[in-house]
Amino acid sequence: MKYIITTDSNCDLPETFYKDNNIPVLPICYYMDGVIYGKRNTLPLSEFYNRMRNGESAKTAAPNIAETKAFFEDCIKVCKNIIHIAFSSGLSSTCQNAVIASEEILDERKDVKITVIDSLCSCMGEGMLLYKAISKKNNGMSYDELIEYLNNVKTHIIHLFTVDDLHYLHNGGRLSKSAAVLGSIINIKPILFVNNNGELKLTDKVRGRKKSLLYLISKTISDISPQGKDIVMISHCDCEEDAMYIYSHLKENIDIKEIIVNQIGPTIGSHSGPGTLAVYYESAKRE
């Protein structure tokens with residue numbers, strides 16, 4: 001059975017990956033200074049993060065049911081069988097809206113098949129799930145086999161994040177003002193992860209930026225599974241030098257087939273702020 005894989009823009013993979021693999025992408029929009037971005041109107045990420053550094057804030061908006069339904073209807077014109085990989089339900093209503101939109105279409109069209117996968121992943125963690133899905137599809141995996149595979153592997157994709165400025169977490173409602181102020185004074189850097197419910201949680205704290213980077217490196221080296229060594233991903237909010245520091249250390253210490261480095265988009269970057277850094281890899285379990 002012929003089928004296509006679709007996703008949303010939270011994946012944060014390079015644009016060439018979507019184009020090379022003919023992947024339709026549902027845009028997740030955001031607002032900045034009264035202007036909506038994310039569809040035809042885009043903002044370079046360097047400018048986006050510079051504006052955040054200068055005090056501007058951004059608010060994200062999950063695609064609503066009508067927008068998601070229209071996206072699926074366009075995709076059906078290409079192929080009537082769709083596997084859609086969605087941003088974690090633990091962090092956004094994007095997935096639930098996709099489920100509702102797909103159910104409406106399935107009620108109207110008996111010749112269509114749409115399966116929404118709740119990735120329980122964020123950023124390039126969702127991107128890694130998409131990457132693996134495309135690889136399996138290209139190697140001949142069937143529609144039903146791929147659904148089973150994705151639902152099994154998704155909670156083995158590890159997300160490790162650190163942020164440079166705690167005030168962005170406070171502004172996003174994930175940290176109290178007093179904790180942000182105190183943490184900044186004593187240079188605390190939180191280590192965050194995505195749990196089995198697809199929610200962002202605190203796993204550890206270290207003092208200083210360098211220690212936070214070393215934490216991500218050592219944890220990846222110790223936890224990565226043998227099958228996880230095919231691909232590791234690193235993403236960052238306009239701090240490429242730190243991302244390449246992690247890249248070089250992982251290259252030196254693990255026999256990894258491929259490492260992809262890319263910027264974190266506004267969906268998460270608007271909440272975590274410039275200086276956010278994350279590593280994604282496959283392991284035996286998340287928690």
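This is a predicted model: local features need pLDDT of at least 70, side-chain atom pairs count only at pLDDT 80 or more; totals for chains, interfaces and linings use all residues.

Colleague: Why is Glu282 called buried?

Modeller: Buried means under 20% relative accessible area. Glu282 has 7% relative accessibility, so Glu282 counts as buried. Its place is in strand β13, residues 277-282.

Colleague: How do you know that Glu282 forms a salt bridge with Lys132?

Modeller: The rule asks for a side-chain nitrogen of Lys or Arg within 4 Å of a carboxyl oxygen of Asp or Glu. In Glu282 and Lys132 the closest N and O atoms are 2.8 Å apart, so the pair meets the definition. The two side chains also make a polar contact, at 2.8 Å, where the cut-off is 3.5 Å.

Colleague: And how many salt bridges are there between domain 1 and domain 2?

Modeller: The count there is 3, while the structure holds 15. The chain is divided into domain 1 (4-155) and domain 2 (156-282). Between them they bury about 3,100 Å², with 64% of it on carbon and sulfur atoms. In domain 1, Tyr49, Met124 and Met128 lose the most area to domain 2, together 22% of what that side buries.

Colleague: What makes Glu47, Arg51 and Glu56 a network?

Modeller: Salt bridges link the three. Arg51 pairs with Glu56 at 3.0 Å, and with Glu47 at 3.9 Å, N to O. Both values are within the 4 Å limit, so both pairs count. Arg51 and Glu47 lie in helix α2, 4 residues apart, about one turn of the helix.

Colleague: Why is Arg51 buried but Glu47 partly exposed?

Modeller: The lines are drawn at under 20% for buried and over 50% for exposed, with partly exposed in between. Arg51 has a relative accessible area of 16%, so Arg51 is buried. Glu47 has 35%, so Glu47 is partly exposed. Glu56, at 29%, also counts as partly exposed.

Colleague: What about Lys189 and Asp164?

Modeller: Their closest N and O atoms are 3.2 Å apart, and they form a salt bridge. Lys189 lies in strand β9 and Asp164 in the loop between β8 and α7, so the pair ties together parts that are 25 residues apart in sequence. Lys189 counts as buried at 7% relative accessibility, whereas Asp164 counts as partly exposed at 37%.

Key: Residues are numbered from 1 along each chain as its sequence is written. Side-chain values use heavy atoms; hydrogens and water are left out. Domain bounds come from an automatic or database domain assignment. Buried area is the accessible area (1.4 Å probe) that two parts lose on being put together, summed over both. Helices (H or I, at least four residues) and strands (E, at least two) are DSSP runs, numbered from the N terminus. Buried means under 20% relative accessible area, exposed over 50%, partly exposed in between (1.4 Å probe, protein chains only). A polar contact is a pair of N or O atoms within 3.5 Å; within protein, one must be able to donate a hydrogen and the other to accept it, and residues adjacent in sequence count only if both atoms are side-chain atoms.
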